[in-house]
Amino acid sequence: MNRVLLFVFCLTMLQTGIVSGQMKGRESAGKDLNKVSVVTMPETDDLTAQWIDGFRSGNPGTEVRILPSEQNSNADIWFLTDHSAGSAGEAAWRMVVGREVIVPVTGTASSYLTEIQGAGISPEKFLNILSSAGSLEWGQLLANDNNVPVSVWILDDKSVSLALSRFTGADQAFFKASSVKTPDELISQLKSNPDAIAICRLSDVTDPAGMSFLKDIAIIPVDVNNNGHSEYFEQFYADYGSFTRGVYIGKYPKTLCNNIYAVTATVPAAGIQSDLLRYILDDGQKFLAGAGFSPLARGEGIARSEALLADQTIITAGSTGTSSLRGWLWVIAVIVAVSVVAFALYQVTRTGAEVTVAPSRIPMAAFSLKTLVTPAGILFDRGHSWAFMEKNGIVKVGIDDFLQHITGPITRVKMKSPGEKVHKGDHLLSLIQRGKQLNIKSPVSGKIVARNEQLLGDSDILNSSPYDEGWIYGIEPENWERDSRLLNFAGKYADYLKEEFARIRDFLSVVPGHNDLRYAHVVLQDGGELKDGLLEEFGPELWEEFQVRFLEMSR
């Protein structure tokens with residue numbers, strides 16, 4: 001009995017310490033919410049100044065101070081790059097707010113464009129290019145007998161050289177390629193000799209807004225797996241949007257990227273700290289290209305902003321003016337609960353009864369085609385939504401069972417309002433899970449006349465009852481006869497889902513990091529079944545790739 005009492009006492013003291021720490025954390029987090037101080041490194045000085053000016057103009061009266069770098073210990077937020085991130089020490093929280101990407105490019109009029117885009121440039125070839133000093137021939141790059149020399153230019157920039165050194169593993173002193181001082185000079189060289197290869201920053205070969213490639217410039221693919229040709233998962237260089245998405249989800253070598261981070265000691269407090277970061281993730285992106293950096297990929301800023309809000313929700317949950325009282329009530333409740341458990345254990349051990357301990361690991365649920373629900377009478381869209389016409393002529397729409405099994409628990413939804421019009425294939429709804437987001441397309445065209453308000457406060461209904469209580473909208477159809485012909489009945493849709501299961505396995509086998517042990521633990525269960533909610537444990541990058549491959553390309 002003495003041991004039991006000692007256990008109760010220790011547990012109570014531990015809980016008291018935890019609650020006290022939480023209350024102190026809330027008190028400290030609540031200080032200075034109306035002002036923020038930042039520190040920046042030389043490479044981000046100009047960019048940070050533009051961010052601060054833009055934020056101040058939209059938020060008059062706010063107090064934002066830029067501190068000298070030697071006062072970094074007093075700052076609320078540090079703006080750093082991969083080159084300087086170590087100066088923040090072991091900070092507990094950081095978020096990518098922009099990046100600098102180093103790319104090999106050539107002219108769109110190049111005689112070798114198709115061949116070099118099909119073969120790509122491996123790290124080994126990169127090293128040959130950089131160390132050639134004019135002796136490299138096209139045949140060495142394309143594995144043929146072409147003996148035409150390759151003209152190679154490299155932007156004379158510290159960040160470019162550092163990235164190339166990381167990527168090739170060679171010292172910068174080993175690089176012999178011709179250098180140019182400015183991006184304008186590099187572009188001029190490519191225009192006069194489109195067969196040349198140049199290595200520069202992505203921002204040097206995009207429009208002033210940083211939203212598209214320059215007209216006469218093409219990005220040369222990086223042959224990540226060094227096999228001499230571009231694989232399916234490496235084919236994301238066709239346009240600016242696809243390329244930046246590929247960088248975001250990790251398809252492009254990270255050693256050729258120099259991220260800009262917002263770094264703080266803890267999760268940024270609600271108020272100006274959070275407002276400033278969300279401004280940078282949204283309106284502030286327009287300043288990146290002019291400062292020599294590249295904006296985040298489409299949708300990336302939204303995902304990171306959602307993640308920031310989700311982190312704040314966890315930290316600040318319950319932190320109102322009565323948090324101290326609730327904290328001590330929690331301590332008392334724990335003491336009572338532990339006492340009851342201790343007394344029960346004492347009674348059991350005193351009577352000599354055996355105590356059965358439940359296993360700590362609960363087997364993870366799996367799902368397969370056999371476990372999916374596809375009700376007859378409902379029409380399904382390949383974008384994993386469904387439609388059903390009611391007797392009154394209104395079409396109810398929602399998401400299918402397959403999608404809710406893939407995402408796992410849906411924590412929030414973004415919905416359109418009644419009265420809005422949608423077209424088939426338009427964005428209809430956003431499913432959100434702690435900052436990770438999927439955008440669902442409409443299976444029909446028409447006017448929204450009703451929406452399921454219950455989902456705004458209880459979004460997990462989409463998981464528990466996707467075809468009944470989890471309906472999303474009532475839509476007055478514009479042309480039901482046309483739209484319905486493009487949808488699938490349950491039987492045919494079940495055949496399509498067989499293909500989706502195969503595609504999921506292929507998808508998981510080629511995405512970056514597929515050898516990660518998490519895939520063996522989380523994705524495939526005994527017997528080859530998929531783990532229920534398989535996307536839940538992965539970050540927004542994988543959700544973005546799922547969006548492209550399963551919700552965009554399926555149309």
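Ground rules: I am reading a predicted model, where local features need pLDDT of at least 70, side-chain atom pairs count only at pLDDT 80 or more, and totals for chains, interfaces and linings use all residues. I number residues from 1 along each chain as its sequence is written, and side-chain values use heavy atoms, with hydrogens and water left out.

Whole chain. I find 18 helices and 20 strands (DSSP runs numbered from the N terminus: H or I of at least four residues, E of at least two). Of the 555 residues, 47% count as buried (under 20% relative accessible area, 1.4 Å probe, protein chains only).

Helix pair. I looked up α4 (residues 123-131) and α6 (residues 158-168), whose axes come within 9 Å and cross at roughly 130 degrees. Axes are lines fitted to C-alpha atoms over the stretch in contact, and angles run from 0 to 180 degrees between N-to-C directions. Contact (heavy atoms within 4.5 Å) is made by Pro123, Phe126, Leu127 and Leu130 of α4 with Leu164, Phe167 and Thr168 of α6.

Leu202. I located Leu202 in the loop between β7 (197-201) and β8 (217-219). Leu202 counts as buried because its relative accessibility is 1%. Its C-alpha atom is separated by 7.6 Å from that of Phe293, 91 residues apart along the chain. Leaving out residues up to four places away in sequence, I list among the residues Leu202 touches Val101, Phe213, Tyr240 and Ser294.

Terms used. Buried < 20%, exposed > 50% of the residue type's maximum accessible area, 1.4 Å probe, protein only.
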